[in-house]
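Here are some exercises to work through with the model open beside you. Try each task before reading its solution.

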Amino acid sequence: MSCLHKRPKRTKSEEQAFQEQMRKVALENGKRLGLEGDPDLQFLLVGGHLVKIRSSSWKKARFFKLQEDCKTFWHESRKLLRRNQTFSIDDIDSVRKGRQSEGLNKHTDPSVEDQCFAIIFKGRKKNLDLMAASEAEAKQWVRGLEKIIHNMKNLNRQQKSEHWIINCMRKADKNDDNKMNLKELKHFLRQINVEVDDTYAEEIFKNCDKSNSGSLEGPEIKHFYDLLTQREEIDVIYGNYAETDGQLSTRDLLNFLLNEQREQATMEDALKLIEKYEVDETAKQNNRMTKDGFLMYLQHEDGSILNPAHSKVYQDMSQPLNHYYISSSHNTYLMEDQLKGPSSTEAYIKALMKSCRCVELDCWDGANGEPVIYHGYTLTSKVLFRDVIKAIKEYAFKTSDYPVILSLENHCTVEQQKLMAHYLISILGDGLVTKPLGNTMPSNFPSPEELKGKFLIKGKRLNKLDAAFNNNSTIEDDTVSEEDEAADCKENGQKAKPKKSKIKLAKALSDIVIYCKSVHFNGFEHAKENQEFYEMSSFKESKAFNLADTSATAYIHHNMDKLSRIYPAGSRTDSSNYNPVPMWNVGCQIVALNFQTPSKEMHINQGRFLPNGFCGYILKPEFQRSLSSQFDPSALTKGPWLQRKILHIMVISAQQLPKLNKDKHNSIVDPLVKVEIYGVPADNASKETHYIENNGFNPMWNERFQFDIHVPELAMVRFQVEDYDSTSQNDLIGQYCLPVTSVQSGYRHVPLLTKRGDVICSAGLFVHVMLMDAE
């Protein structure tokens, strides 16, 4: 083990100096986060013992502490080769107070509710289930964590970038002397994803080492940082418009907003931007914008590619429910694949927190008379129906107030169905829609606005809805045909047992199906003549795609007064996804995807629902709602949908792309950018830049692309940054997708998301966009 050499032990005075230095570092980082002197931050920096809980028998005390960067958590581990374990605040999705995780709920007693909390991570990293010594301590841990998470999120891109770079510098300072020698400088450059040849590294070093001491410290490190973070492309743009003593006057800034950003701006708007983003007080008093202020503006929401007016609910939410695309999940209970993956309440929470508004519950008879949810005829684990309804009630409206549809696939016996109805009514309470809104039989859906905070049940019903106004209804439990998807599952032979396609339905469960009654689809003509507005069909993807290809206009008209749900083929045992765009093109509302599977299709889904306050509902274009419309996405005849545009995109540069292989010392990315358009078939296109060798820190392309767009209201643009590999498939570095109608023209920063859809804090693309009318 001689290769595992330890750092020489510090003397007492060295240790004191080191601790003092660490205290200063923590102070500086706390200040940067706006938490200077905050008692909860100090509490986390001191750290303390918490009980880590893995099972009823595995409960062990471990020491947890926030490191001085105010971004990394350290905790002790008893594993032989992993004594010290860390995780970043950026990895945390949320912190839950109480026994609000599956593990804590299962493995702790209700009496310790107030001492428990869980740290929920992004992606597939396991939750940390923890218990403090007292309620007050638990509250302080949760409060401190939530403050840091909140303040980290609210840092602007420049502050995040500084925080990231300074922390990388600290990691590179191997001997903790707060200086950087040439070797440490090279290590730092690798940390930030820049491969620099020795000559260039030495050149930068000499340039900054004014004292000729052989190491950089204090102002020399600041000079090095400034050299490193200089943005040539921003300098050029700023220089073109800064015509007032080398700065932007209000008039100069207005010229930039009108000519480059194509905004309908006024002098007042320009003044507001100076007030909001200028960092130099003297410049601000003189109504000027410096280069730093200009960069701050470009890196904030006003300079983002997403129109800030669309980041809140801006659409009319008073239209009937079926006039909206609804963010929808398939097999919501699964964390992984649908043959042997775990079922979990956690999967419902994750989907709801991503503003999913239609979740699926696959219900089966369970032990002890308790209904369970799992993927029937497979080895996926089971979760109690009752626990899922409790989780849905708790998390349904945390990110969106608009209604949640519970899509039931019911395989239970009548007795357990009665218990399901009891749980739905008792747990969801006033939130559950148990009768039509108003006092008369409706002829159309209520709106998302009218249904705020409400739950709708989708499932089989024994009779017509007007029975809800008919007090002498004497209908009892009776048989109905089973759900179409259930029948399809058996067709796909997933350990299928031959089963009759009728099930007995409990009246109690039937009665709470109001606006979403499941019926079999027998053709558009039959539906038009026989189906009520609240009677909806589910289509497996092959059937739906076939109808979209052969009868697009009829499908669009069907969806003008009814709801349609699309679900992935049962043969997708790996829980892969289909492309949702052709389904939206024909007006389908509930296009259900496997939220648990990170994929291009989920990125498109996230992009589709990104505007309108990420509320899970997007109003369909007028030509998919108007009865006179003859729109066909493939034919593109003349009509209000045809608004030909040319989308010009110049991919200029990227900043601080993450290393993909952090463990590999010399691993640097070779980035390229793909720009893709998804929409009607005529609009689908993809173009890409060349790749740049060994530079993830500040690669520059300056490549122009042009896309012809025929139906902008259905078009989406997706940016994908990849690490080029000549021998195998390129790896995804980051991506971002949004509707073309939400794109801001001009010089814009594009945030980047991981494969799972989480923001990569300091990374981004810089582009120039222009959407113009075609001649």
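**Exercise 1.** In this predicted model, find which residues of helix α16 are buried, and what covers them.

*Solution.* Start by going along the helix: Val414, Gln416, Gln417, Met420, Ala421, Tyr423, Leu424, Ile427 and Leu428 of α16 are buried. An α-helix has 3.6 residues a turn, so residues three or four places apart point the same way. Next, look at what lies over the buried residues of α16: the cover includes the strands β13 (358–364), β16 (404–410), β17 (455–459) and β19 (502–505), along with the helices α15 (385–395) and α18 (507–510).

**Exercise 2.** Compare the reach of α16 with the expected value, then say what follows the helix.

*Solution.* Helix α16 spans residues 414–428, which makes 15 residues. From first C-alpha to last it reaches 21 Å, close to the 21 Å expected at 1.5 Å a residue. After α16 comes Gly429, with a positive phi near 55°.

**Exercise 3.** Describe how helices α9 and α13 pack: what are their distance, angle and handedness, and which residues meet?

*Solution.* Two packed helices are described by the angle between their axes and the distance between the axes. For α9 (residues 232–241) and α13 (residues 291–298), the axes come within 11 Å and cross at roughly 110°. Angles of 65 to 115 degrees count as roughly perpendicular, and α9 and α13 are therefore roughly perpendicular to each other. The crossing of α9 past α13 is right-handed. Now list the partners: Ile234, Asp235, Ile237 and Tyr238 from α9 meet Lys291, Phe294, Leu295 and Leu298 from α13. By class, the residues of this contact are six nonpolar, two charged and no polar.

Definitions and conventions:
Residues are numbered from 1 along each chain as its sequence is written. This is a predicted model: local features need pLDDT of at least 70, side-chain atom pairs count only at pLDDT 80 or more; totals for chains, interfaces and linings use all residues. Side-chain values use heavy atoms; hydrogens and water are left out. Axes are lines fitted to C-alpha atoms, for helices over the stretch in contact, and angles run from 0 to 180 degrees between N-to-C directions. Helices (H or I, at least four residues) and strands (E, at least two) are DSSP runs, numbered from the N terminus. Angles under 35 degrees count as roughly parallel, over 145 as roughly antiparallel, 65 to 115 as roughly perpendicular and the rest as oblique. A crossing is left-handed if the near helix is turned anticlockwise from the far one by less than a right angle, and right-handed if clockwise. Contact means heavy atoms within 4.5 Å. Ala, Val, Leu, Ile, Met, Phe, Trp, Tyr, Cys and Pro count as nonpolar, Asp, Glu, Lys and Arg as charged, and the others, Gly among them, as polar. The expected span of a helix is 1.5 Å times one less than its number of residues. Buried means under 20% relative accessible area, exposed over 50%, partly exposed in between (1.4 Å probe, protein chains only).
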